[in-house]
Amino acid sequence: MRIALLTIHRAPNCGAMLQAWALMRALQQMGHEVEFPDCNHIDYRDRTKPFLPDPTLPPLKRLHRALKNGLRNWKARKIFLPTMERFASFVRQHMTESSLRPPEFATRYDVVVVGSDQLWNEGIMGDDTDLFLGTTVSPGLRIISYGTSFGDNPPTGPAAERVLRAMPRFAAIGVRESRGADFLKASGFEAKVTSDPTLLLTPADYLTVASPVHPTERYVYAYSVFFDTRLLELTREVARRRGLRYVYTPLSQYTSYGMPKDIEYGVTPDRFVDLIAHAECVLTDSFHGTALSLIFGKPLVSFCRAAVMAHSRQGELLRALGCLDRQMRLDASPDAVLELLAKPLSPEVGERIAAVRAEGRQWLAEQLT
């Protein structure tokens with residue numbers, strides 16, 4: 001079967017690219033031909049735009065800000081253009097793209113799969129929400145969603161109305177969080193809770209795209225989407241007390257340069273996989289950092305910022321795999337973090353991941369028959 005996979009496969013984000021690659025790889029292993037139509041606006045190329053000063057500032061302040069922003073932009077290009085090229089290289093090496101637009105999909109594809117990540121979170125997707133709701137896809141073409149997410153909370157108001165108007169277009173609806181499924185079911189739509197696509201693959205699958213960058217010394221790995229001073233402090237303390245080196249790779253440092261010199265820059269999906277695979281333990285506030293750590297069986301602490309931890313995206317994942325105790329607040333003490341990291345993952349977690357993998361693949365097979 002020829003499949004158009006609609007997701008944010010070009011976003012400069014390790015988790016976003018890996019979930020896209022994982023779903024593609026799983027579908028390929030099931031015998032399908034898969035392409036990524038390159039038609040969304042979330043793209044690594046957006047990250048090197050100039051920082052423009054506020055036009056309402058007085059002229060002298062505007063000039064000062066322009067000079068300062070010019071320096072910042074020069075630094076951004078110097079530091080991150082190579083990183084953006086590695087993101088682009090990952091797409092070129094591991095993903096097959098097409099230039100077809102949604103109204104043309106019926107000329108090439110048998111089905112459209114939407115998923116996963118926060119594609120139905122209008123606050124993130126903005127103008128691309130219609131694309132991932134399938135409203136611009138060729139009429140009559142079968143559409144299913146797999147592991148698609150609303151984020152930590154289902155939409156309300158006009159955003160909710162927009163989603164619900166589009167749901168009749170889907171032949172099958174798979175969402176990542178139970179709260180999203182409950183939201184759709186309350187409006188009369190059948191929705192299945194399906195795993196994030198990263199759980200559809202094994203560690204061996206991920207190692208096929210890893211680039212070896214990990215230290216030769218034993219180390220603790222910390223990963224966050226944005227730089228976080230508290231996470232860095234905890235990571236340093238964990239490393240000091242356990243006699244380990246530490247590696248901290250905050251992903252999005254595109255506009256902040258006041259960070260310590262020992263912070264690692266430029267993590268991309270291939271490096272991200274390698275650093276998790278060889279770490280002694282992992283500290284992260286990221287959903288996909290949590291998911292990959294569990295897949296590789298790493299002792300971890302998943303830090304949560306949501307008001308109700310169990311309702312967060314990470315909380316849903318950890319609860320489903322029977323290890324909700326791996327979640328903490330960032331204000332946790334170093335002693336509490338070290339105590340949790342000293343506990344290995346239960347073998348039952350690996351067994352549940354295998355069951356989730358089999359269930360997800362079975363559901364996809366049923367919808368694509």
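Visitor: How many aromatic pairs does the structure hold?
Guide: This is a predicted model, in which local features need pLDDT of at least 70, side-chain atom pairs count only at pLDDT 80 or more, and totals for chains, interfaces and linings use all residues. Residues are numbered from 1 along each chain as its sequence is written, and side-chain values use heavy atoms, with hydrogens and water left out. Rings of Phe, Tyr and Trp (its six-membered ring) pair if their centres lie within 6.5 Å, and planes under 30 degrees apart count as stacked, over 60 as edge-to-face and the rest as tilted. The number of aromatic pairs in the structure is ten.

Visitor: Which kind of pair do the rings of Trp 120 and Phe 170 form?
Guide: The ring centres of Trp 120 and Phe 170 are 5.5 Å apart and their planes stand at 80°, so the pair is edge-to-face. Trp 120 lies in the loop between strand 4 and helix 3, and Phe 170, 50 residues apart from it, in the loop between helix 5 and strand 6, where helices (H or I, at least four residues) and strands (E, at least two) are DSSP runs numbered from the N terminus. The pair of Trp 120 and Phe 170 is therefore edge-to-face.

Visitor: Is Phe 170 buried or exposed?
Guide: Buried means under 20% relative accessible area and exposed over 50%, with partly exposed in between (1.4 Å probe, protein chains only). Because its relative accessibility is 8%, Phe 170 counts as buried.

Visitor: Which kind of pair do the rings of Tyr 223 and Phe 272 form?
Guide: Tyr 223 belongs to strand 8 and Phe 272 to helix 9, 49 residues apart, so that the pair links distant parts of the chain. With centres 4.5 Å apart and planes at 50°, the pair of Tyr 223 and Phe 272 is tilted.

Visitor: With which side chain does the side chain of Ser 149 make a polar contact?
Guide: Ser 149 is found in the loop between strand 5 and helix 5, and its relative accessible area of 0% makes it buried. A polar contact is a pair of N or O atoms within 3.5 Å; within protein, one must be able to donate a hydrogen and the other to accept it, and residues adjacent in sequence count only if both atoms are side-chain atoms. At 2.6 Å, the partner of Ser 149 is the side chain of Glu 177.

Visitor: Which residues are exposed on the other side of helix 13 from its buried residues?
Guide: The buried residues of helix 13 include Val 349, Ile 353 and Trp 363.
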